[in-house]
Number of protein chains: 2
Amino acid sequence: MSSNIGGSVTLADVARHAGVSLATASRVLNGAGGRTVGATFRERVLRSAELLGYSPNAQAQAVARGASSLVGLVVHDISDPYFAAIAAGVTEAAEERDTTVVLASTRQQHERELDYLATLRQHRARAVVLVGSRWEDRAYHQLVTRELDAYRRTGGRVAAVSQDRLGVDTVQPLNNAGARDLARALVDLGHRSFAVLGGPEGLLTARDRVRGFREGLRDRSVSGDVPVVTGAFTRDGGYDATLQLLAGGQRPGCLFAVNDVMAVGAMAALRESGLSVPDDVAVAGFDDIETLRDVTPSLTTVALPLRDMGRQAAEMALTPGRDTPKLIRVRGEVILRDSTKVAG
Amino acid sequence: MSSNIGGSVTLADVARHAGVSLATASRVLNGAGGRTVGATFRERVLRSAELLGYSPNAQAQAVARGASSLVGLVVHDISDPYFAAIAAGVTEAAEERDTTVVLASTRQQHERELDYLATLRQHRARAVVLVGSRWEDRAYHQLVTRELDAYRRTGGRVAAVSQDRLGVDTVQPLNNAGARDLARALVDLGHRSFAVLGGPEGLLTARDRVRGFREGLRDRSVSGDVPVVTGAFTRDGGYDATLQLLAGGQRPGCLFAVNDVMAVGAMAALRESGLSVPDDVAVAGFDDIETLRDVTPSLTTVALPLRDMGRQAAEMALTPGRDTPKLIRVRGEVILRDSTKVAG
DNA sequence: CTGTTAGCGCCTTCAC
DNA sequence: GTGAAGGCGCTAACAG
């Protein structure tokens with residue numbers, strides 16, 4: 001039935017079975033090539049392929065053609081709803097362009113990102129979509145840039161969903177502006193004393209959101225230094241940071257967690273500490289994670305069109321042509337919900 | 001710098017630059033092969049590779065070796081936390097085994113699963129992990145089985161996280177048993193009147209959970225037929241189904257949604273209808289989605305070790321040898337929380 | 001230890 | 001319209 005070891009039926013098998021040349025079989029089975037094939041032969045080949053259960057070897061095709069149909073997707077953590085949502089957008093766009101997605105989840109570790117980038121390059125992925133905050137780490141940043149450059153020199157395309165620091169097409173969430181808008185809105189709501197759950201040290205997204213929030217407060221002339229407690233970019237990070245804040249004697253009227261996941265952790269911590277949200281402490285987040293839209297009290301946040309962002313990044317990465325990096329800025333929308341309601 | 005069109009540096013380039021044969025270059029650059037290489041040459045090759053920025057072409061290697069390092073991951077919807085969590089486990093296990101994950105998100109559509117399976121086969125993925133409920137659809141089931149068989153005949157390995165109907169290694173959540181345990185626990189808690197939000201028609205996981213729940217009630221001699229409203233396996237599905245239930249004049253003391261995501265939707269619907277949880281209506285879910293652990297009132301559910309399940313499935317799929325399909329049953333653990341509390 | 005030489009499965013000129 | 005032949009980048013015997 002098959003001649004090779006792997007057990008797979010090869011194009012040669014089909015050709016032989018159909019009594020035609022390899023070239024002919026190849027032409028009917030891949031459609032392209034310009035040249036067309038006679039109806040009789042075409043039928044014969046198709047029938048043989050069907051009969052033998054032929055499945056073209058995509059890897060061999062890629063080698064012969066010098067171009068693969070793989071697109072890499074690099075995220076910090078696929079189980080984090082933020083990344084999962086973006087990933088969904090990427091897979092959609094990829095599917096529409098008949099490309100296959102290779103998933104790389106770095107689990108928040110710098111080096112892995114580099115490793116995965118290298119792996120993706122080895123697989124000759126046609127493009128890679130890099131999603132997630134960049135770090136405040138010059139040395140590392142240089143390594144990534146170097147790797148990306150090498151990748152692009154070989155024809156690979158790159159798009160990012162992150163800060164605009166990679167010199168590639170990027171979908172940039174305006175973290176600063178969003179947090180700033182949020183801060184103003186909160187002040188306008190009547191809040192006066194704040195504290196921030198700032199995310200991990202060195203993560204630009206966290207930093208930008210903290211800065212933006214501070215600016216917003218300044219815009220509204222809220223004086224005093226806002227206490228910032230850092231913590232992991234996770235539910236537990238928010239939980240721990242909040243307990244730490246409370247233990248430090250702080251009791252802000254409003255708590256801004258730099259992302260929704262942390263905000264939820266914060267709400268849990270407050271609740272367990274006997275504090276009610278929003279009456280004792282108001283809470284606001286960032287991202288508008290879909291799964292979290294139903295927490296109670298409903299969470300005030302800055303909504304980001306996550307899925308779309310992923311889709312757009314993938315589209316840019318998979319669209320040839322353009323050589324000057326494109327930048328799509330995404331301004332989040334402040335959504336005021338119950339978690340920041342002011343009594344009266 | 002490079003000779004080929006794609007711009008990539010090839011092994012031949014490195015060999016030439018280092019003044020050694022292709023074989024030698026290959027040997028030092030891939031380590032394996034049994035044979036070892038002299039220190040001088042080894043150094044020379046390494047230096048040249050480094051200098052030229054050589055990146056081995058994984059596709060070509062796969063073709064030559066007759067074995068790829070790809071492992072497919074097929075999920076219903078990567079943005080659904082259930083699948084995202086399992087995916088995280090799969091990527092972990094894959095990474096440990098130096099394999100690259102190809103992600104396929106079918107978005108709940110039968111046919112796409114088949115398409116992706118075919119694509120995965122074309123890429124000669126060494127294994128595929130199929131995650132998600134199977135359907136009650138004989139014709140379709142047969143197609144999938146056929147495709148999987150073809151795939152396995154060519155040496156591909158398959159593992160599933162689902163019902164045990166594919167004849168492959170599988171991690172099987174005991175949906176029936178879990179729901180049954182839950183029902184009993186709820187009755188023991190004092191609940192007497194129930195309704196079920198049953199998920200989409202034809203989805204086995206939904207069906208099993210409904211059945212199990214019914215059995216549990218029977219075990220505890222709760223009489224009467226439990227009303228079941230079907231709906232999409234999503235937050236909105238739970239929301240809509242609940243409204244429909246209420247509109248139908250039903251007002252159960254306890255509502256069992258076949259998964260957490262639906263349960264959250266149900267809670268939202270109840271709240272909007274002016275009903276309080278758990279006082280007016282208790283709510284229970286299934287899965288114990290991490291992101292949902294902090295909803296209020298906290299959700300009673302059946303916990304499944306999602307990440308581990310994904311990891312185990314991937315490990316089975318990537319472990320050669322064994323020819324008799326292995327079955328790992330996972331019994332969920334009932335976790336009673338506030339959403340089903342009984343007053344007094 | 002090193003190099004030569006066939007492949008691997010497929011595509012793609014180039015002739016007929 | 002069809003086929004023969006060379007090449008894609010790499011690996012794996014097989015000789016030295």
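1. DNA strand C is surrounded by 26 residues, where a residue counts as near a strand if one of its heavy atoms lies within 4 Å of it. The closest are A:Leu11, A:Tyr54, B:Thr24, B:Arg27 and B:Gly38. Please keep in mind that this is a predicted model, in which local features need pLDDT of at least 70 and side-chain atom pairs count only at pLDDT 80 or more, while totals for chains, interfaces and linings use all residues. Side-chain values use heavy atoms, without hydrogens and water; residues are numbered from 1 along each chain as its sequence is written, and chains are lettered from A and ligands numbered from 1 in the order in which they are written.

2. What do the atoms of DNA strand C within 4 Å of the protein belong to? Sugar or phosphate accounts for 63% of them, and bases for the rest. On the protein side, the surface near DNA strand C has 13 nonpolar, 10 polar and three charged residues (Ala, Val, Leu, Ile, Met, Phe, Trp, Tyr, Cys and Pro count as nonpolar, Asp, Glu, Lys and Arg as charged, and the others, Gly among them, as polar).

3. Now some individual atom pairs. A base oxygen of DNA strand C lies 3.4 Å from a backbone N or O atom of B:Ala64. (Polar contacts here are pairs of N or O atoms within 3.5 Å; within protein, one must be able to donate a hydrogen and the other to accept it, and residues adjacent in sequence count only if both atoms are side-chain atoms.)

4. B:Thr24 also takes part in a helix pair: with B:Ala25, B:Val28 and B:Leu29 of helix 2 of chain B, B:Thr24 meets helix 3 of chain B at B:Phe41, B:Arg42, B:Val45, B:Leu46 and B:Ala49. Contact means heavy atoms within 4.5 Å, and helices (H or I, at least four residues) are DSSP runs numbered from the N terminus.

5. Finally, the two copies. Chain B superposes on chain A by a rotation of 180° with 0.0 Å of shift along its axis, at RMSD 0.1 Å (least squares on C-alpha atoms of residues with pLDDT of at least 70 in both). That is the relation of a two-fold axis. The copies meet through the same surface, because 100% of the interface residues of chain B are also interface residues in chain A.

Terms used
Helix = DSSP H or I, 4+ residues; strand = E, 2+ residues; numbered from the N terminus.
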